[in-house]
Amino acid sequence: MTIALDDSAGLRAPVDWASAEMKARRKSRYAADTRLKFYGLTAISMAIGFLLILFSSLVLTGYKAFVQTMVTVEIRLDPEQVNRDDIFNAPWRTIVQSALADLEPGLDQADRRQFLQIFTPNAQFLVRDRVIANPDMIGRTVSFTFPLADPLDQLAKGEVDRSLPEDRRRVNDKQIGWYDGLNERGLISQPFNTGLFLNADSRFPELAGLAGAISGSFWALLVCFLLSFPAGIAAAIYLEEFAPKNRITDLIEVNINNLAAVPSVVFGLLGLAVFLGLFGLPRSAPLVGGMVLALMTLPTIIIVTRASLKSVPSSIREAALGIGASKHETIIHHILPLSMPTILTGTIIGLAQALGETAPLLLIGMNAFITSPTTGVLEASTALPTQIFIWADSPERGFVARTSAAILVLLGFLLAMNAIAIFLRQRFERRW
Amino acid sequence: MASTVFFILLILAVLGYVAGLFRAKVVRGTAYREFHSLPIYHGLNIAIWTGVPALIIVLMWLLFQGAAVDRIILNSLGTEVTSLDAAQQALLLSEIKQVAAGRIFREPTGEIRAAADFYNAVVANAQWAMLVVAISIALIGFGVGYRMVAVRFRARHSVERSLNYFMIFCSVVAIATTAGIIVSLLYEALQFFARVPVAEFFFGLNWEPQIPMREDQVAGAGAFGAVPVFLGTLVIAVIAMAVATPIGLFSAVYLTEFASNSARAIIKPLLEILAGIPTVVYGFFAVLTVAPALRGLGDWMGIGVSPNAALVAGGVMGIMLIPFISSLSDDALTAVPRAVRDGSLALGATKGETIRKVLLPAALPGIVGGILLALSRAIGETMIVVMAAGLIASLNVNPLQSVTTVTVQIVTLLIGDTSFDNPKTLAAFALGLVLFVITLALNVVALRIVRKYREQY
């Protein structure tokens, strides 16, 4: 079709839209469109692809840490060796090692030592603690189950290439032979690794668990919540409802927005200089960690709370004031309860961020090597993300899987917190 | 002991509340009309009088007890100790405290043992004194509050005033935090600059912050020229932005202009997951997966790739920043009015042409602001670079070589070290100050741009 333009008006010549030239032009224009769309799709699939690679690499390296290779051994607790009144000081090393050596009788000294390396070096303490917990075992033959040493655990999980030459792997042919023997006799099992959640940190991967880190994170988050939640709400109410508009309150407002953008490591420096240096609070304590995290969470809570206070319709406020409630009563009895679901949602999301925060905790020393769960806010402790950081640095092969497993646990907690936040939002969301 | 005191104060406050409630009801009798405040406010008023002053005293006490006890111990040790310098005194004190806590590494001298016993006695006395003082103040407060209960007493106003003070205090915490950051960074950084010239720090090309183990050690003076550290930070941030900006921008364009609503509803939260992952996870991912992959690729292509290549840390940081850029660009693009879009389409422009020639230029200030915000995050990001970037400061911009960054240096200089009197620790605060100033400036500029642009329509 041709569109004829009025030549007499001095306009340009008619354009032949059906001409080959125009067709080509149209085609290239649409091609450019398609290209742009294609770039967008590529960008999105790259971003989601990164996400998938991230998760799959974590799951692939981490899932094996959720089971642990264990060996079951019969140990005779001879009353002559184990004195009921002094169980702690019984010759546990001898008892356990001879019981283990009996699994493979007739080894010479060197072989015996190599054989014992199959089992976790802490086996004696595991047995001791169980007997202390249950002294009735003395005098009987009890079957104990404890972990194999990390290299054998890796072997059992197929991480060790048996076809490699002997000097290039951490288990030698004899140990593999013994392991296979034990396996055929049905002494080896691979139950769910409860130790991952019940043990605290250890130098030996087969014994290291997250109990210390989880309890440390719990205490730090508790402190963070107790400080930032009331303070955040109070500050938000003041700024939103009471504050006069003057330079000081403007300054506070600008400040809160800026605080939300300060790099987290700077908060660590603040904690180090002020809480540890000036106030002399103990290093590595969840109290200090929680205080630093609270300062970081505070802006989030204040911003969320202000937004949610603002969204409560003024009719409610005016009705309450109209029947004689004071301003405080209006806020405490009416406005705050109505905005509480949103505030809680925001707080949970802020706490989830705090749970994953690592750098400030490193600076105040919450990366200590702690072998028992934390029971108070003043004890030295680690937190989940710092535990991940410590394990990621450990050279033992078993810690690679444990790090991934710890990350999966951390992500699990984050997911749970976000799920609660989404649930709260949907359950209580109001449209005015 | 401190937690016991807090607990006792809490119980006293609750008791005060209950007592006030009953007292107010008795005083009110049947005079409902004359009685100013509800009994609950009289109860709260007494609880505040009982709990708050005592609580403030206890917190102050805990704050200053340590320093006071230290002074008492040092004075008790005689003049020869008080004439020692600060470091030796601190050493002596920590030894005494170790012994007092029962952590004995080598047999202490008689003097130390006596001082430790004395220390335990002083601390125990101080704790008991605190308990007694706290309880007496609480009881006095209770008495004051109790006597206030009267028919015309404006208990509600009194409680609301206390609430106001509390709210103001909480709002001021934000300013106090910023002031605390600035003062502590400045204080330590000034001490650092008293030992290392400012010019050397900002223009020196050599960063070797080791300190000598012995006084006479050769070449152990340490060098604090921070240029290589700044350069490394810039290299990694630029790599991160090079990854994040195109991916984030194209994602935003696709999501706002091409994607269907249902696709958007799935893709957006998926992208936002990337922003919610803790950075220590990205760091581990970089070390576990990306670095070996890149090294393998380098070997295959015959290029030497450092194990801590800047590309790894920067690339992974870029992945982290994608959702940040995409959501800010998304905001900027959707803020362009419908009429502008429709006008362009009505003139016969294709969708792509509208985006390129109309929407992107219109949204450009918002997008640039978003990119600046992302850049400030990249500069301040810590865990990824601590785990994946190098420790050695070198002047190079090759992304396949190792570089170090400001945050890496801060963390490595401070881990396991709390003494504030050597240049090594103080250098971390100087770096922190620079980091704070740069990121804050970037944020302020970026927020200005984003805001100003939003007002244009």
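How far apart do the C-alpha centres of domain 1 of chain B and domain 2 of chain B lie? They lie 49 Å apart.

This is a predicted model: local features need pLDDT of at least 70, side-chain atom pairs count only at pLDDT 80 or more, and totals for chains, interfaces and linings use all residues. Residues are numbered from 1 along each chain as its sequence is written, chains are lettered from A and ligands numbered from 1 in the order in which they are written, and side-chain values use heavy atoms, with hydrogens and water left out.

**View 1. Chain B is split into two parts, domain 1 and domain 2.** Domain 1 of chain B runs over 1-153. Domain 2 of chain B runs over 226-455. These bounds come from an automatic or database domain assignment.

**View 2. Chain A meets chain B.** On chain A, 74 residues are in contact (heavy atoms within 4.5 Å) with 77 residues of chain B. The two chains bury about 6300 Å² between them. Carbon and sulfur atoms give 80% of that area. Buried area is the accessible area (1.4 Å probe) that two parts lose on being put together, summed over both.

**View 3. A salt bridge joins Arg29(A) and Glu353(B).** The count between chain A and chain B is one salt bridge (a side-chain nitrogen of Lys or Arg within 4 Å of a carboxyl oxygen of Asp or Glu). In the Arg29(A)–Glu353(B) pair, the closest N and O atoms are 2.8 Å apart. Helix 1 (residues 20-62) of chain A supplies the largest share of the side of chain A that touches chain B, 22 residues. Helices are DSSP runs (H or I, at least four residues), as strands are (E, at least two), numbered from the N terminus. By class, that side of chain A has 55 nonpolar, 14 polar and five charged residues. Here Ala, Val, Leu, Ile, Met, Phe, Trp, Tyr, Cys and Pro count as nonpolar, Asp, Glu, Lys and Arg as charged, and the others, Gly among them, as polar.

**View 4. Domain 1 of chain A touches domain 2 of chain A.** Domain 1 of chain A covers 67-192, and domain 2 of chain A covers 210-428. Their centres, taken over C-alpha atoms, are separated by 45 Å. Five residues from domain 1 of chain A and four residues from domain 2 of chain A make the contact. About 350 Å² is buried between these domains, 30% of it on carbon and sulfur atoms. On the domain 1 side, Asp150(A), Gln154(A) and Glu159(A) lose the most area, together 66% of what that side buries.

**View 5. Arg397(A) and Glu159(A) meet in a salt bridge.** Their side chains come to 2.6 Å, N to O. The interface of domain 1 and domain 2 of chain A holds one salt bridge. The side of domain 1 of chain A that touches domain 2 of chain A has no nonpolar, two polar and three charged residues.

View 6. Residues 36-60 of chain A are 100% helix, with end C-alpha atoms 35 Å apart. Residues 218-239 of chain A are also 100% helix, with end C-alpha atoms 31 Å apart.
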